[in-house]
Amino acid sequence: MKKFLLVCLSLCLAACLLGGCRKKVDYLSYVSEKRTNIYLYSNDGLEIKIYLSEKETPYSADGIKGEMSGLTEIYVTLPKNYDEVNVSVGDAEGEMSYRAVENCYYLSLSNGNIQGDSVDVTLTYGEESKTYPAVSVLYDGVIGCEGAVKCVIDREEALFEGLTQNNIFCGEIYVRLIYDDGCYYYVGVCDRDKNINAYLVDGERGKIIATKQLNG
């Protein structure tokens, strides 16, 4: 009887240890792109968009997380085109390049030290230099990037377990804040074959409202 009890105890202990190992996998540490905030300004045909992110460098959708670094991306649309447009916001400043396809000006910097509910953006073009207030799209009740990823992890437990081997997640995760009359999150789970399971998460309710699969 004692031998039988010892065997049962060993099996239970092994099951607990295995379960504990699965729980210890920190899937959030496999996030290779995280867009945390968006600032917007729009008036009289002038639009400003600022995206704040952390992103792997170099960026590659290969299912393997690389080294992360801060990234500030600034998009400006003007009523007319100019030969030279310069922008300054926070610690970020520089000459913007023109993107003909999107008909906008663009500047990407490694870090802009931008924070707060709003930021002042100074644009210099032609003979003008004006400052505009760009406001964060975040508001009370919006979950963060981590909350959006956890929502997908809880919903797609089988997917994450299937991509986990020896406590290592064989993939990478993208999470991007999106604004369209409200906050949403795009969450993408990319495996080593470059297949992506994509999810749209409601930023207030923390619920998945759309899914899509993209084959690599």
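Tutor: Start with β14, which is mostly covered: six of its seven residues are buried. Keep in mind that this is a predicted model.

Student: How should I read a strand's side chains in general?

Tutor: In a regular strand, side chains alternate between the two faces of the sheet.

Student: Which residues is Val201 in contact with, leaving aside its neighbours within four places in sequence?

Tutor: Ile143, Ala148, Cys151, Val152, Tyr184, Tyr185, Val187, Gly206, Lys207 and Ile208.

Student: Which residues have the most contacts inside the largest nonpolar core?

Tutor: Val201 is one of them, along with Phe160, Phe169, Ile173, Val175 and Tyr185. That core has 31 residues. Elements giving two or more residues to it include α3 (157-162), β12 (171-179), β13 (183-191) and β14 (196-202).

Student: Which element gives the most to this core?

Tutor: α2, with six residues. A second, separate core has 23 residues, among them Tyr39, Leu78, Tyr105 and Val121.

Student: How many bridges join β13 to β14?

Tutor: Seven, and the two strands run antiparallel. Cys190 has Ile196 of β14 as its bridge partner. Four residues lie between the strands of this hairpin, and Lys194 takes a positive phi near 70°.

Student: What about the pairing of β14 with β15?

Tutor: Six bridges join β14 to β15 (residues 208-214), again running antiparallel. Asn197 has Gln213 of β15 as its bridge partner. β14 and β15 form a hairpin with five residues between them. In its turn, Gly206 has a positive phi of about 65°. Gly206 is also among the contacts of Val201.

Conventions:
Residues numbered from 1 in each chain as written. Predicted model: local features only at pLDDT ≥ 70, side-chain atom pairs only at ≥ 80, totals over all residues. Heavy atoms only, no water. Core = buried A, V, L, I, M, F, W, Y, C linked by side-chain atoms within 4.5 Å. Buried < 20%, exposed > 50% of the residue type's maximum accessible area, 1.4 Å probe, protein only. Contact = heavy atoms within 4.5 Å. Pairing = 2+ DSSP bridges.
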